[in-house]
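Reader: I'd like a close look at one part of this model, please. Start with the whole chain, then zoom in.

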Amino acid sequence: MAKNFRYVCMLNILRLCTKIRRRIYYYWAFAFAKIILVMPYKFSVKTLSGFFGKIAYYVARDGVKTATGNLKKCFPDKSE
């Protein structure tokens with residue numbers, strides 16, 4: 001019975017952590033969107049989109065490799 005109780009408590013803690021993490025992500029995204037809306041349009045579109053695109057490219061390396069490989073298989077005449 002004690003093991004089962006620990007398991008249930010652990011699940012509740014994990015659910016709480018997930019809720020807290022989602023709430024933090026939501027507030028960060030909300031604050032970021034508000035900051036972007038205050039900035040001039042050309043700066044926010046030109047500079048920040050390029051900056052975040054580069055960050056996403058380096059963070060999601062596996063996805064980039066997979067997508068590049070799939071495109072090369074689909075379009076062999078257009079590949080580099």
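This is a predicted model: local features need pLDDT of at least 70, side-chain atom pairs count only at pLDDT 80 or more; totals for chains, interfaces and linings use all residues.

Reader: What does the accessible surface of the protein chain come to, and what share of it belongs to carbon and sulfur atoms? After that, take me to the rings around Tyr 26 and Phe 30.

Author: Some ground rules to begin with. Residues are numbered from 1 along each chain as its sequence is written, and side-chain values use heavy atoms, with hydrogens and water left out.

To your question: the protein chain has about 7900 Å² of accessible surface, with 68% of that belonging to carbon and sulfur atoms (Shrake-Rupley method, 1.4 Å probe; for residues, only the protein chains shown count as cover). Of its 80 residues, 4% are buried, meaning under 20% relative accessible area, while exposed is over 50% and partly exposed lies in between.

The chain has three helices and zero strands (DSSP runs numbered from the N terminus: H or I of at least four residues for helices, E of at least two for strands). Mean pLDDT is 79, with 82% of residues at 70 or more.

Now the close-up. The structure holds five aromatic pairs; rings of Phe, Tyr and Trp (its six-membered ring) pair if their centres lie within 6.5 Å, with planes under 30 degrees apart called stacked, over 60 edge-to-face and the rest tilted. Tyr 26 and Tyr 27 make an edge-to-face pair, 5.4 Å centre to centre with 65° between the planes. Tyr 26 also pairs with Phe 30: their centres are 6.1 Å apart and their planes at 25°, so this pair is stacked. Tyr 26 and Phe 30 are four residues apart in helix H1, so about one helical turn separates them. Phe 30 is partly exposed, at 44% relative accessible area. Put together, Tyr 26, Tyr 27 and Phe 30 form one aromatic cluster.

Notes: pLDDT is the predictor's confidence in each residue, from 0 to 100. Buried means under 20% relative accessible area, exposed over 50%, partly exposed in between (1.4 Å probe, protein chains only).
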